[in-house]
Amino acid sequence: HYNNIINYFNNRSTNAAAESFNAKIKEFRRQLRGVSDVKFFLFRLTKILHDY
């Protein structure tokens, strides 16, 4: 983990954006529990990705 820790101090970059994106996907999946239309699920997921 040394490189990740040093990267924060050198560039002030974290993985917060990735964590936020992951949380949005998990929340979306929670809301659509039991969805049988996979194509619609993927369509909505791409809309979230586009807005992100």
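**Three helices in a predicted chain**

There are three helices and zero strands in the chain, where helices (H or I, at least four residues) and strands (E, at least two) are DSSP runs numbered from the N terminus. This is a predicted model, in which local features need pLDDT of at least 70 and side-chain atom pairs count only at pLDDT 80 or more, while totals for chains, interfaces and linings use all residues. Residues are numbered from 1 along each chain as its sequence is written, and side-chain values use heavy atoms, with hydrogens and water left out.

User: In which helix is confidence highest, and at what mean?
Analyst: Confidence is expressed as pLDDT, the predictor's score for each residue from 0 to 100, and its mean over the chain is 78. Helix 1 (residues 2-11) has the lowest confidence, at a mean of 76, whereas the highest is in helix 2 (residues 16-31), at 82.

User: How many buried residues does helix 1 have?
Analyst: A residue is buried under 20% relative accessible area, exposed over 50%, and partly exposed in between (1.4 Å probe, protein chains only). Y8, which lies in helix 1, is partly exposed because its relative accessibility is 35%. Helix 1 is hardly covered, and among its ten residues the count of buried ones is zero.

User: Which side chains meet in a salt bridge?
Analyst: A salt bridge requires a side-chain nitrogen of Lys or Arg within 4 Å of a carboxyl oxygen of Asp or Glu, and by this rule the count comes to one. The two partners are three residues apart in helix 2, so about one helical turn separates them. With 2.6 Å from N to O, the side chains that meet are those of R30 and E27.

User: What radius of gyration does the chain have?
Analyst: This value is taken over C-alpha atoms, and the globule rule is 2.2 Å times the number of residues to the power 0.38. Along its principal axes the C-alpha trace spans about 45 × 20 × 15 Å. For a compact globule of 52 residues the radius would be near 10 Å, but for the chain it is 16 Å.

User: How far apart in space are L49 and N3?
Analyst: L49 belongs to helix 3 (residues 38-51). In sequence L49 and N3 are 46 residues apart, and from C-alpha to C-alpha their separation in space is 28 Å.
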